[in-house]
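This report examines selected local features of one protein model. Please keep the sequence and the structure in view while reading.

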Amino acid sequence: MKNRAYVLGLACASLMPFAAQAQEVVLKVAHFLPPVSPAHTKFITPWCDKIAAESQGKMKCQIYPAMQLGGTPPQLLNQVRDGVADIVWTLPGYTPGRFPTSEVFELPFVTTTHEASSRAMWDFVQKHSMNEFAGMKPIATWVNGPNVLHFRTKEVKTLDDLKGMKVRAPSRLGTKLLASLGATPVGMPVPQMAESLSKGVIEGALIPWEVVPATKTHELTKFHAEASGEYAMTTATMIFVMNQKKYDSLSPELKKVIDDNSGRETSAWVSAQFKGADAGGREAAVSRGNTVYQIAPAEITKWREASKPVAEEWVKEISAKGVNGQQLLDDANALVTQYSK
């Protein structure tokens, strides 16, 4: 009997590693950029390392960059909602109409610094936009850096200089912004932008600094126009979201790890990583000897006035959906002001 008990004990002991392994949760994390991108190296990988450490190895990520789970960037939302991926990083702007209220942060001259605007966006989403996240649990919501105008051969300092120029637009509202300023907006994804710049199909592009090195925009353009003052011409909203059913399936202990690495301050931290990448992109242009300059404050006042109809049209559009568009815009502005102090 003793021998039998001993054998059973050995058998149980040998199964223990497998039991521990079975309890380990592996989260499939998908995004659309290559593994060398700042988003992958400075935000997603560190976040995954943190949850692995805080869960004592009970939960870890398997990261799938560059759409390795298949599909195209606009399909990332469906992938996380349907459970193909457990967590995704994506831009709401890739699926126009899916995030009508939180789009307010892409309106002209609404956002300020990365961190302040991202804290504001988190609060706004929690209050007004959770219905846009059905089937998903937001981990972080933030804005990237101020979009800057990059031009191939012309130094643009005024609205007259910009008139009629073909400029790559980043989003639906970015398109409306450029049109309001008199440019001819051309919508296209970032990879296509580089080729279009090199061939002269477009004369400029509206993108944040962080995109510049990877797309070699600093090699394809010579002039870079920033908006003077506190507010950004426009920016892009970004989200890091988890499949709700996957979150619900976690133990209370592991849910707490996710919760501790979600929210307003996580959103601000993520945006700070993009801020660092913006600095690197700007330095790449400066080091090349390109002209980096600011549109004069008096001129920016004209640009703000010219772009006002974009916000007015957005208010009408969103109000037609049965919500108070002006109240949403006022709340977004108030939150940005609150966190920018």
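A residue is called buried when its relative accessible area is under 20%, exposed when that area is over 50%, and partly exposed in between (1.4 Å probe, protein chains only). The model is predicted, so local features need pLDDT of at least 70 and side-chain atom pairs count only at pLDDT 80 or more, whereas totals for chains, interfaces and linings use all residues. Residues are numbered from 1 along each chain as its sequence is written, and side-chain values use heavy atoms, with hydrogens and water left out.

Helix α6 spans residues 172-180, and its buried residues are Leu173, Gly174, Leu177 and Leu178. These residues lie on the same side of α6 because they cover an arc of only 140° around the axis. The elements in the table are among those covering them, with contact meaning heavy atoms within 4.5 Å.

| Element | Residues |
|---|---|
| β5 | 148-151 |
| β6 | 166-169 |
| β7 | 184-187 |
| β8 | 204-207 |
| α13 | 297-319 |

Just after α6, Gly182 has a positive phi of about 95°.

Asp278 belongs to helix α12 (residues 264-287). Asp278 is buried but has no salt bridge, that is, a side-chain nitrogen of Lys or Arg within 4 Å of a carboxyl oxygen of Asp or Glu. The nearest side chain of opposite charge, Lys275, is 8.9 Å away. Beyond its neighbours within four places in sequence, Asp278 contacts His114, Gly145, Pro146, Pro208, Trp209 and Glu210.

Terms used: Helix = DSSP H or I, 4+ residues; strand = E, 2+ residues; numbered from the N terminus. Arc of directions from axis to C-beta. Lys, Arg positive; Asp, Glu negative; His and termini not counted.
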